[in-house]
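Hi there,

Here is the structure I promised to pass on. Have a look at it first, and then read on for what turned up.

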Amino acid sequence: MKLEWKSCARIGISAFLLYLGITYWPAFAHLLTRLFQAATPLLLGCVLAYTINILMSFYEAHYFPQSANPKLRKSRRPVCMLAAFLTLAVLLMFVVKLVVPELISCVKLLAGHIPGAIDALLQWMEKKHMVPEDILAALETVDWRARANEVLRILTSGLGSVMGVAVSAASSLFSGLVTLFLALIFAIYLLLGKEKLAGQFHRLMLRYVRPGIYANMRHVLCVLDESFHKYIVGQCTEAVILGGLCTLGMLILNLPYATMTGAVIAFTALIPVAGAYIGAGVGAFMILTVSPAKAMIFLIFIVVL
């Protein structure tokens with residue numbers, strides 16, 4: 001077997017890179033982490049652009065598709081993209097406004113009833129003689145509300161000083177907003193010029209990649225695009241159906257928080273497999289503040305649904 005100098009050079013370079021990777025792995029891993037953090041806005045922008053593009057393409061297909069007016073054709077892309085962003089923003093604001101205030105009020109209501117529930121439990125245990133009287137007497141003298149406030153104060157003080165927590169929270173919030181802003185800008189850039197970018201990618205691949213390999217790459221990308229597109233549309237359709245049926249069933253069964261719980265179920269159903277059950281847990285928790293029996297009825301209903 002005759003070895004060419006190109007093959008020997010490739011083997012030598014590969015072995016040298018492998019040696020560097022093993023020897024300096026901590027520094028290499030740190031570099032990869034930094035690169036990934038720097039590329040996070042771009043990756044998030046790609047995900048956001050792909051998701052928005054599904055809704056934008058739907059709007060483009062119905063926004064004067066047969067019009068010969070050049071102004072309408074030129075305005076199709078920005079108008080449909082703005083409509084897609086506004087649709088998602090309105091849906092998110094609707095869910096947050098519908099769920100968060102009720103959830104906060106339920107947590108406050110439940111927290112206010114915990115001391116009374118503990119006292120009732122202690123009285124029931126005393127009647128059933130399940131615990132020795134000296135232990136019950138010691139438990140009954142405890143101020144459970146004060147103890148709860150003390151635990152909350154300890155947990156809060158354990159997080160550090162108030163100024164440190166405030167600075168850390170503000171820093172994290174600012175970093176998240178900057179990342180989201182950059183991702184949004186990059187997503188808009190991708191959506192506005194997706195045909196041009198696709199053409200540039202096509203010419204680049206034709207220049208530097210073999211035709212057979214490029215054909216296989218295109219096939220894989222087409223299959224991925226079709227699969228993810230159908231998956232996202234299917235998940236959204238399932239979420240709407242599940243949320244609507246949940247709201248309708250809760251209204252028929254006369255359960256509280258029907259509209260809000262249906263919105264939570266629809267929103268969390270976008271999470272694969274476990275999403276609907278997460279929403280069911282939130283809904284059951286809120287109904288529990290009204291009636292434990294109705295919370296059990298809701299759980300049975302959501303499992304059947």
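To start with a cut-off: a residue counts as buried when its relative accessible area is under 20%, and as exposed when that area is over 50%, with partly exposed in between. R77, at 16%, is therefore buried. Please keep in mind that this is a predicted model.

**Salt bridges**

E60 is buried, as is R77.

R77 also forms a salt bridge with E195, where the closest N and O atoms are 2.8 Å apart. Here the link is between distant parts of the chain, since E195 belongs to helix α7 (residues 194-208), 118 residues away from R77 in helix α3.

The structure holds three salt bridges, and one of them joins the side chains of E226 and K230 at 3.1 Å, N to O. Both of these residues lie in helix α8, four residues apart, which is about one turn of the helix. E226 counts as partly exposed because its relative accessibility is 43%, while K230 reaches 55% and so counts as exposed. By way of shared partners, salt bridges join E60, R77 and E195 into one network.

**The nonpolar patch**

Which helix gives the most to the nonpolar patch? That is helix α8 (residues 211-252), with six residues. The patch covers about 610 Å² of surface and is made by F201, I213, M217, V220, L221, L224 and F228. F228 lies in helix α8, and its relative accessibility of 47% makes it partly exposed.

**Aromatic pairs**

There are three aromatic pairs in the structure. One of them is Y63 with F64, an edge-to-face pair with 5.1 Å between the centres and 75° between the planes. Y63 is buried, with a relative accessible area of 18%, whereas F64 is partly exposed at 45% relative accessibility.

**Around T268**

T268 is part of helix α9 (residues 258-268) and is buried, at 11% relative accessibility. A polar atom of the T268 side chain lies 3.0 Å from the backbone oxygen of G275. Leaving aside residues up to four places away in sequence, T268 touches G275, A276 and G279.

Notes:
Residues are numbered from 1 along each chain as its sequence is written. This is a predicted model: local features need pLDDT of at least 70, side-chain atom pairs count only at pLDDT 80 or more; totals for chains, interfaces and linings use all residues. Side-chain values use heavy atoms; hydrogens and water are left out. Patches are made of residues with over 30% relative accessible area and no salt bridge: like charges are joined within 9 Å, nonpolar side chains (Val, Leu, Ile, Met, Phe, Trp, Tyr) within 5 Å. Accessible areas come from the Shrake-Rupley method with a 1.4 Å probe; for residues, only the protein chains shown count as cover. A salt bridge is a side-chain nitrogen of Lys or Arg within 4 Å of a carboxyl oxygen of Asp or Glu. Helices (H or I, at least four residues) and strands (E, at least two) are DSSP runs, numbered from the N terminus. Buried means under 20% relative accessible area, exposed over 50%, partly exposed in between (1.4 Å probe, protein chains only). A polar contact is a pair of N or O atoms within 3.5 Å; within protein, one must be able to donate a hydrogen and the other to accept it, and residues adjacent in sequence count only if both atoms are side-chain atoms. Contact means heavy atoms within 4.5 Å. Rings of Phe, Tyr and Trp (its six-membered ring) pair if their centres lie within 6.5 Å; planes under 30 degrees apart count as stacked, over 60 as edge-to-face and the rest as tilted.
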